Amino acid sequence: MLLRRRREGLRARAGETAVTGFEVLDRRLPAAEAGRLLRKAFPDHWSFLLGELALYSFVVLLLTGVYLTLFFDPSMRETVYRGSYLPLRGQLMTQAYTTTLHISFDIRGGLLIRQIHHWAALVFLAAIGVHMLRIFFTGAFRRPREGNWTIGVTLFLLALLEGFCGYSLPDDLLSGTGLRTAYTIVTSIPVVGTYLGFLAWGGEFPGHIIIPRLYITHVLFVPGLLVLLIAAHLVLVVYLKHTQWASRGRTNRNVVGAPLFPHFTAKSSGLFMMVFGVLALLAALAQINPVWAYGPYVADQIATGAQPDWYVGFLEGALRLMPPWENSFAGHTLMWNVFVPAVLLPGLLFMVLFLYPLFEKWVTGDHLEHHLCDRPRDRPVRTGFGVAGIVFYAVLLLAGGNDVIAYSFRISVNALTWIFRIAVVAAPVVAFALTKRLCLALQARERRVLTEGVETGCVRQSVYGGISEDHRPAPAPRLYRFLVRELPRPLPAPGARAPRRRRLRAALSTWYYRDRVELPVTPEQRRHVDEALAEPAVEGRR
């Protein structure tokens, strides 16, 4: 009895202490707000984990990068290698390459950490790319998330720069070849290119300060920007909420999912452990970037079959496909064969990515908030554009290895180059047309399911010998997915006397949204669909 009273007294004092501590903390920090944050709902669909893959790959990059920074020397001062790797002993090389070999062969676990770092960089960029595709195809870039889309595209651009800087730091023959290409790209910019090249490299290529400058960019400037933008991106995700797939109970006015703590936290922590484990397994079993096999960079040498990492491979392909066009004007050589594929093309691609949400809003005239994901089949033109972009990138990526493909399959390099030149123009157009027709075919199939039902696999024969298929009504969740969709109507034609800008907008809107398959909807179903798609009230935003 005495022990029970003592335990109850301890519990009461502990509860009072906890309440007092919480009040003290809440007076100085937003503790109550943090408590509400822990109850935020996160959708549980697998596609929403793509962004987390990128986040956790970045965390692995930071952890392994800190370890590698302790041993790497970015100096371009030449020294004679006297390390433990015998084939290169006695050769002249920069201090950057020497310390890379030292990390790989003389530091305990150094090679494993190097390879984890490299694999994490590849997964980081791949996860960002796939995450952006998910956002694009589902329309998650629309209001109110246009700012987050801009941050995401900027993150992808910075990640490309970060990957290239890290790839160039070892100063081996392969990365040196990439730096030589980068120098040519910079100097191809009309008028100011030569000055920019001299400024960055400290003189004529290969210069003497480019590796230290890339090192500072790689370990300080770009990571700092990435951390700031990722933090801003996550804050906006929490404030604006995730989009979600349409289903019963999920509307444009609510968010349905698991709370941040403990469900989502446990799931997300497990995903982080899996990402770290898979990256460690890849690093232990799959060799990547064996710099010792390439040797130190020498300006008059190049490795056979030199290929960049996949994320900049499309630039290599564009350079190889561009005809050798050059002009001289006012004493300046205009290298169109480098400037167009390596400066103009990526600039145009990223400009399209940045501006597409504004362009689609202008075409549709839509200024409402959207919190439900579009199914790609319901937006045939947008989906066609996305697939065409993927095919365009894939052709350029393959073209970046045209010499390896030609050698492996005993094909003429010239013939293969012309095949890729034709494909880079024709393949995206074909992909767009096929994707649009496939989306409309999937809509037509849904209309048939709504009107006829789902095939059971049974066949009936009447007493007169007629054969018919047996159908059953589609399940309610499936019907909900079919019917709850946003299909903007084309803008009305403004007339021949309207300003050219309005006529162009109406023509583009008609081209975007003219082709569709209307679904039979009863008045009761239409009422439920309108309720699910209704824009959330400002005061009701959670």
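This is a predicted model: local features need pLDDT of at least 70, side-chain atom pairs count only at pLDDT 80 or more; totals for chains, interfaces and linings use all residues.
Strand 7 (residues 454–461) and strand 8 (residues 467–472) pair in the antiparallel sense over five bridges; two strands count as paired if DSSP finds at least two bridges between them. Strands here are DSSP runs of E with at least two residues, helices are runs of H or I with at least four, and both are numbered from the N terminus. Residues are numbered from 1 along each chain as its sequence is written, and side-chain values use heavy atoms, with hydrogens and water left out.

Within the strand pair, E455 stands opposite H471 in strand 8. The two strands form a hairpin with five residues between them, and G465 in the turn has a positive phi of about 95°.

I turn now to helix 16. Helix 16 covers residues 413–452, and its 40 residues should span 58 Å at 1.5 Å a residue; the end C-alpha atoms lie 54 Å apart, which agrees. The expected span is 1.5 Å times one less than the number of residues. After helix 16 comes G453, with a positive phi near 100°.

Next, the loops. Most residues other than glycine have a negative phi, and most peptide bonds are trans. Against that background, which residue other than glycine has a positive phi, near 50°? It is N289, in the loop between helix 10 (260–285) and helix 11 (291–294). A cis peptide bond joins R143 and P144, with omega about 10°, and P144 is placed in the loop between helix 5 (110–138) and helix 6 (146–168). Another cis peptide bond, between F205 and P206, also has omega of about 10°; P206 is found in the loop between helix 8 (193–201) and helix 9 (210–240).

Finally, the lining of a cavity. The residues lining the second largest cavity divide into four nonpolar, two polar and seven charged. In this scheme Ala, Val, Leu, Ile, Met, Phe, Trp, Tyr, Cys and Pro are nonpolar, Asp, Glu, Lys and Arg are charged, and the others, Gly among them, are polar. Helix 13 (residues 336–364) supplies the largest share of this lining, four residues.
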